[in-house]
Amino acid sequence: LIVGALPGWGPSHDTPALAPVLRQAARLVRFAAVTADAGYDAEHVHRLCREELGMAATAVALNRRTARRWPRTPYRRAMRRAFPRALYAERQQVESVFSRDKRRLGAALTARSPAALAAEQVLRVLTHNLLLLHCARFTFQQSR
């Protein structure tokens, strides 16, 4: 299920939207860990997940900014020291959701005004969740 979403206008960088989406999702579900690609490699992301939201682990791919061998901040150094590869492999599920939604619902939005675009984005998230719940219910009924 998609438990956090923030409609917006793109293309743009996703990092500023991460904190509101994580806080929104954390109000609904308790997460043990977060995985993210190198675009989210910042100390404040690790701090948000670990200290503010109480997650036990983060797996954010390092984005090497300079020729410096080791990152200066503690959580980024931890990622460099012992990167949780098994946890990071779970990130493929998110990419699978994006791919499935674009395949089923189309890649382009049809609305024109900013308010209608935001509503269409939220409706796509709701449609995704309803399709999952319907398929799960159908599978459960057939197994009985």
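Leu62, Asn63, Arg64, Arg65, Thr66, Arg68, Arg69, Trp70, Pro71, Arg72, Arg76 and Arg80 line the second largest pocket. By class, that lining holds three nonpolar, two polar and seven charged residues. Here Ala, Val, Leu, Ile, Met, Phe, Trp, Tyr, Cys and Pro count as nonpolar, Asp, Glu, Lys and Arg as charged, and the others, Gly among them, as polar.

This is a predicted model, in which local features need pLDDT of at least 70 and side-chain atom pairs count only at pLDDT 80 or more, while totals for chains, interfaces and linings use all residues. Residues are numbered from 1 along each chain as its sequence is written, and side-chain values use heavy atoms, with hydrogens and water left out.

On a 1 Å grid over the protein atoms alone, a cavity is a set of points where a 1.4 Å probe fits but cannot get out; a pocket is an open set with protein on both sides within 12 Å along at least five of seven lines, and lining residues have an atom within 4 Å of a point. Points are joined across faces, edges and corners, and the volume is the space filled by probe spheres set on them.

| Space | Volume | Lining by class |
|---|---|---|
| Largest pocket | about 2100 Å³ | 30 nonpolar, ten polar, eight charged |
| Second largest pocket | about 220 Å³ | three nonpolar, two polar, seven charged |
| Largest cavity | about 40 Å³ | two nonpolar, one polar, three charged |

The largest pocket has 48 lining residues, with Ile2, Gly4, Val21, Val94 and Phe98 nearest its centre. At least two lining residues come from each of α1 (15-28), β1 (33-36), α5 (92-105) and α6 (114-143); α5 has the largest share, seven residues. These elements are DSSP runs numbered from the N terminus: helices (H or I, at least four residues) and strands (E, at least two).

There is one cavity of 30 Å³ or more. Around the largest cavity sit Arg100, Asp101, Arg104, His128, Leu131 and Leu132, and α5 and α6 each give two or more residues to this lining.

Now for the packing. The largest nonpolar core has twelve residues: Leu18, Leu22, Val34, Ala36, Tyr40, Ala42, Val45, Leu48, Cys49, Leu53, Met55 and Val60.

Leaving aside neighbours within four places in sequence, Met55 is in contact (heavy atoms within 4.5 Å) with Phe31, Ala32, Ala33, Val34, Cys49 and Arg50.

Note on methods:
Core = buried A, V, L, I, M, F, W, Y, C linked by side-chain atoms within 4.5 Å. Buried < 20%, exposed > 50% of the residue type's maximum accessible area, 1.4 Å probe, protein only.
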